[in-house]
Amino acid sequence: MSALLELQGVKAWYGAVQALRAIDLVVEEGGVTTLIGANGAGKTTTLRAIYNVLVRREGSISFNGRSILGMSANDIVRLGIGHVPDGRGTFSRLSVEQNLQLGGHVLRSRKAVQEGMRRIYGLFPILQERRLQQAGTLSGGEQQMLAIGRALMPRPKLILLDEPSFGLAPLIVTGIFDTLRQIRHQEGVSVLLVEQNVNLALALADQACLIESGRVVKNCSAETMRNDDTVKHVYLGI
Amino acid sequence: METRKPALFINDTGNRGRAQKLAVPLLLVTAGFALTFLLDGYHLLQATNIIGFAIAILGLNLLAGYNGQISVGQGAFLAMGGYTCAILMNRLGLPFWLAVPAAGCTSMLLGFLIAIPAIRLELLYLALATFSLAVALPQFAKNKVLAPWTGGVEGQSIQRPQPWSELGLNLDQTIYLYALLTAVVLFWLVHNLVSGRLGRALEAIKDQPLAAETMAIDTRAYKIKTFCASAFLTGVGGGIGAVATGYISADTYTFFISITLLIGAVIGGFRSILGAVFGAAFIVLVPMYAEKVAHGVAWALFGAATIAMMWLMPDGFAGLCTRLREHVQRLISRSSL
Amino acid sequence: MESFLLQIVSGLAIGGVYASLALALVMIYQTTDLVNFSQGELAMASTYLAWVLIGNGVPYWLSFVITLAISFAVGFFLERVLMRRFQKAPLHSVLIVMIGLMVFINGSIGVVFGYELKDFESPFRWLGGTVRGYMSSHEAGIALVTLTVMTLVFCFFRFTRVGLAMRAAAVNPLSASFVGVDVSVMLSLGWALAAMIGAVSGVLSAPIVYLDPNMMLNIIIYAFAGALLGGITSALGAVVGGLLIGVAENLAGAYLVGTDMKLVFILAVIICILLIKPNGLFGRNVVVRV
């Protein structure tokens with residue numbers, strides 16, 4: 001396996017406030033890396049730094065061996081990185097179908113968009129049922145599926161997932177994670193996952209990074225992370 | 001947001017700073033006083049106009065710089081002041097030096113009436129409503145019902161007031177000197193107003209309306225008061241302009257006069273009191289020369305200057321002066337080291 | 001009764017002009033939360049362009065198309081070059097820039113073309129004098145053209161990829177960039193489309209109000225009223241609002257306040273909408289940031 005996404009010494013600022021101090025991480029081709037850490041540690045900021053939104057950043061970020069540091073978000077999408085942002089970011093006043101069409105914005109042909117939509121409806125049949133509904137009227141779980149589906153539309157090589165479990169009932173969260181597992185195999189997509197629910201995250205991931213105050217303090221396999229005493233104590237509550 | 005120097009800096013300069021601060025206004029007033037005897041009638045009239053506009057712009061500054069509200073229809077208060085003066089002097093034979101303050105008062109009344117709905121509007125919508133007011137304004141003045149008072153489309157001449165001949169002044173000099181004295185008093189008052197408690201309250205309201213409210217500042221009342229004060233000033237300015245020109249009509253108060261006032265305020269800098277003088281000089285002097293070239297040149301220049309101002313120095317001409325002064329001071333202090 | 005109907009019909013026709021300009025205002029409001037005060041003057045400048053083209057022997061409809069194309073480009077570059085600089089500036093600065101732009105265009109056109117009224121031919125003479133006695137041929141033409149333009153605009157936003165992307169950028173710029181929409185291009189496109197649609201209103205109204213640098217001053221107020229009445233966030237609202245304002249203006253002029261107080265009437269309408277129903281007929285709630 002080779003590194004698909006690689007961050008080295010990434011620093012980031014919101015205005016004058018430094019949020020990331022030293023982030024190094026790798027997502028392997030076809031792999032799942034998860035970022036864990038407390039609230040405010042810099043998990044979401046790391047994703048934003050990769051996507052070049054809302055933050056100013058420094059360091060080296062490369063995708064497929066190519067630096068993406070100077071690129072804008074919309075160009076990054078074209079390279080094959082999908083983003084499921086925190087709070088899902090669906091277009092609530094547009095229909096489910098239009099949301100997916102927008103997901104396929106970077107696809108050139110109408111046919112490719114149609115094909116993509118069929119694929120997503122296959123993954124999430126409920127979305128097909130609701131396709132003419134305004135996205136804002138969907139349940140939280142359905143909106144999360146829509147956000148994931150939207151990001152998968154252009155067949156990205158990697159998706160950045162920001163807290164897919166946020167605000168959802170436990171049963172629905174389990175469902176979403178099952179689907180993620182399925183997507184990983186079906187679509188062959190790599191995942192960088194930020195998740196509060198460390199248990200679920202470590203169960204899905206093969207690599208894990210622990211972030212504290214904007215620094216990666218531990219970078220190892222998910223297995224090792226799960227057995228780490230501090231992690232067990234602080235994040236898993238065992 | 002524009003960067004503002006913290007209050008600490010001003011105190012740092014100590015007494016020397018205060019003397020320096022007084023220097024510019026004193027110089028302006030002395031020069032202004034001397035002009036009474038130096039300029040001929042036509043130029044003195046323009047100088048009076050500048051003062052009238054300066055007071056009007058000061059009103060706009062108060063509203064924009066301290067209330068954070070933009071009135072695009074400030075011409076309404078100018079008109080109120082002008083017509084009040086005309087009516088009081090023509091109908092009741094009031095001397096002009098009483099008519100002008102009265103003009104301020106009627107304008108303030110109008111300001112109060114407008115303020116009640118206006119303070120409920122967000123910046124954008126207030127601008128939109130006052131923009132519309134500015135466009136519709138001439139129709140008020142032309143209105144048949146009001147025509148007996150306003151003079152309608154034909155307008156009306158204003159009775160020439162008595163000069164202060166006991167002081168050896170002719171009419172132009174009299175009006176000019178009166179305008180100058182009025183301006184000095186009003187500028188001094190506004191300066192004290194904004195550098196005191198009220199100024200701090202206004203500042204707070206503009207920056208953090210919610211926080212201001214929680215500090216028991218009655219936002220609504222302050223905003224209405226500022227609006228009234230602003231209308232008063234602009235009304236006085238309108239009165240002076242009308243008295244000096246000696247004639248007003250609906251076409252005196254077109255949409256363009258409102259926009260011109262706003263541009264004057266922008267050029268001078270919203271947050272500057274002395275900036276009002278610069279702004280007024282700009283809007284009076286530029287058309288004087290530019291319109292000789294072709295009709296419309298002044299207007300094009302106004303537009304270009306406004307955009308350039310917001311682009312290059314959003315704190316206006318006065319802000320540029322401040323920056324230049326700081327720059328020079330830095331140079332001096334560096335060379336003395 | 002006959003004259004009442006006549007007022008309504010001709011109100012709808014002139015309302016078409018207001019509707020186009022209102023739609024232009026809404027287009028920019030949707031993407032930037034700004035009311036473009038210079039929209040009317042941009043339309044006026046476009047109209048002069050059309051006038052020059054026609055005066056030089058270019059056929060009317062070809063001039064119309066060229067004017068729209070150039071207006072589109074000018075709108076695009078105005079956003080790129082000028083408005084872009086003020087993207088992060090406080091609201092009052094942006095408003096002042098737009099007012100400065102308005103003044104600048106007005107003055108420049110005045111310098112180049114002078115301030116005297118110019119005749120502007122109507123392209124609809126072939127429709128005959130009046131259509132069934134209710135509308136002048138030009139009024140019928142206005143209705144026809146506005147209807148066509150509106151339909152095209154709606155189709156653009158409903159059925160095209162770029163139209164959808166523009167809507168996405170307007171409602172949620174961050175998410176739009178996450179799906180690969182270049183939001184900054186969408187902002188420029190918004191200005192471009194607005195300038196183009198505004199140009200339609202200018203060219204259509206010129207035969208009625210005559211061509212002069214101040215021709216749009218009154219019309220922009222009606223467009224404000226139309227956009228506000230429809231709810232400033234809604235394109236459909238702008239069209240309906242513009243048409244309603246056209247009718248209301250005509251009826252008020254004929255039966256209520258007289259033709260010389262129409263602007264005062266519209267001012268009253270604007271203030272009433274702002275105070276009583278700021279979201280208009282079709283607008284969504286605009287969240288107020290205090």
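**Entry 1. Ground rules.** I worked from a predicted model, in which local features need pLDDT of at least 70 and side-chain atom pairs count only at pLDDT 80 or more, while totals for chains, interfaces and linings use all residues. Residues are numbered from 1 along each chain as its sequence is written, chains are lettered from A and ligands numbered from 1 in the order in which they are written, and side-chain values use heavy atoms, with hydrogens and water left out.

**Entry 2. Chain B against chain C.** I first looked up the contact (heavy atoms within 4.5 Å). I found 43 residues from chain B and 46 residues from chain C in it. For buried area I used the accessible area (1.4 Å probe) that two parts lose on being put together, summed over both. Chain B and chain C bury about 4,000 Å², with 82% of it on carbon and sulfur atoms.

I then looked for salt bridges (a side-chain nitrogen of Lys or Arg within 4 Å of a carboxyl oxygen of Asp or Glu). The count between chain B and chain C is one. The partners are B:Lys144 and C:Asp260, whose closest N and O atoms are 3.1 Å apart. For polar contacts I took pairs of N or O atoms within 3.5 Å; within protein, one must be able to donate a hydrogen and the other to accept it, and residues adjacent in sequence count only if both atoms are side-chain atoms. Six residue pairs, both at pLDDT 80 or more, are in polar contact between chain B and chain C.

On the side of chain B that touches chain C, two or more residues each come from helix 6 (123–142), helix 10 (209–214), helix 12 (255–268) and helix 14 (297–312). Helix 6 of chain B gives the most, with 13 residues. For classes, Ala, Val, Leu, Ile, Met, Phe, Trp, Tyr, Cys and Pro count as nonpolar, Asp, Glu, Lys and Arg as charged, and the others, Gly among them, as polar. I read 33 nonpolar, seven polar and three charged residues on this side of chain B.

**Entry 3. Chain C against chain A.** Here the contact takes 18 residues from chain C and 24 residues from chain A. The buried area is about 1,900 Å², of which carbon and sulfur atoms give 62%. I noted that C:Arg161, C:Phe178 and C:Val179 supply 37% of the area that chain C buries against chain A, more than any other three residues.

**Entry 4. Cavities.** I searched a 1 Å grid over the protein atoms alone for cavities, sets of points where a 1.4 Å probe fits but cannot get out; lining residues have an atom within 4 Å of a point. Grid points are joined across faces, edges and corners, and a volume is the space filled by probe spheres set on the points. The count is two cavities of 30 Å³ or more.

The largest cavity has a volume of about 60 Å³. Its lining includes A:His83, A:Arg150, C:Phe178 and C:Val179. The second largest cavity holds about 40 Å³, and among its lining residues are B:Leu44, B:Asp172 and B:Ala244.

Methods: 1 Å grid on protein atoms, 1.4 Å probe; cavity = no way out; pocket = protein on both sides within 12 Å on 5 of 7 lines; lining within 4 Å. Helix = DSSP H or I, 4+ residues; strand = E, 2+ residues; numbered from the N terminus.
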